[in-house]
Amino acid sequence: MTPVTGAVLAGPDVAAFRGAMGRFPTGVTLLTQGSGDDTIVMTLNSLTSVSLDPVLILVSVKADGRMRPRVAQSGTYAVNVLREEQRPLAQEFCRPNRLEGEAAMARLGAVEGVTGSAVIPSAEAYFECTLEATYEAGDHALLIGRVVAFSGGSGASDPLVFHQGRFTSLPAVAEAAAA
């Protein structure tokens, strides 16, 4: 068997790996924990459906970041799937000095969900979770959440997408159906 030209067999450098992973388009979400004065938020693009029975989702956060201990302590979080029009929120909440507390709630137009974490009613969708399990994975932690409440949104707008190191969007549903 002949090896594929350009394939890296072992020890890829981080920049090359990041570039290769950037070829995979992902949705963009805001992960929230707490509400009111206790709200923290971070931009996240690692969301995976894990199981339908029970309904479980997976997110990945920095192992030494501020979100992980908050989720571990409270046992709850919410994942808000952003629309293309919410790109400025994704950009704001990926910064180290991002808003927290009531200021974050106001900026997001968020309300307290049933689990006590902030949810964004204008998001494309949101999922409220109780923490089912945490797994160590290199410099990140995988959080498996049991979905206890969700909103599917109207579907009237396009989801925000991240691809090749930048935000983009999908073609409008009407355009895609006509093609």
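A: Leu52 has Val55, a residue of strand E5, as its bridge partner. Strands E4 and E5 (residues 55–62) run antiparallel and are joined by 5 bridges, where strands are DSSP runs of E with at least two residues, helices are runs of H or I with at least four residues, and both are numbered from the N terminus. This is a predicted model, in which local features need pLDDT of at least 70 and side-chain atom pairs count only at pLDDT 80 or more, while totals for chains, interfaces and linings use all residues. Residues are numbered from 1 along each chain as its sequence is written, and side-chain values use heavy atoms, with hydrogens and water left out.

E4 and E5 belong to an open sheet of 7 strands with antiparallel pairing, in the order E3-E2-E6-E9-E10-E5-E4; two strands count as paired if DSSP finds at least two bridges between them. The edge strands, each pairing on one side only, are E3 and E4, the latter spanning 47–52. From one strand to the next the twist averages 35°, with axes taken as lines fitted to C-alpha atoms, for helices over the stretch in contact, and angles running from 0 to 180 degrees between N-to-C directions.

Helix H2 (residues 67–74) lies across E2, E3, E5, E6 (76–81), E9 (125–137) and E10 (140–151), and runs at about 50° to E2; contact here means heavy atoms within 4.5 Å.

Strands E2 and E3 also meet another helix, H4. In H4 (residues 101–108), Gly101, Ala104, Met105 and Leu108 are buried, that is, under 20% relative accessible area with a 1.4 Å probe and protein chains only, as against over 50% for exposed and in between for partly exposed. These four residues lie on the same side of H4 because they cover an arc of only 100° around the axis, the arc being that of the directions from the helix axis to the C-beta atoms. The buried residues of H4 pack against E2 (29–33), E3 (40–44), helix H3 (87–92), strand E7 (111–112) and strand E8 (118–119). Just after H4, Gly109 takes a positive phi of about 65°.

A separate description applies to the open sheet of 3 strands, with the order E1-E11-E12 and antiparallel pairing. Its edge strands are E1 (26–27) and E12 (166–169), each of which pairs on one side only. E11 (residues 160–163) and E12 run antiparallel and are joined by 4 bridges, and Phe162 has Phe167 in E12 as its bridge partner.
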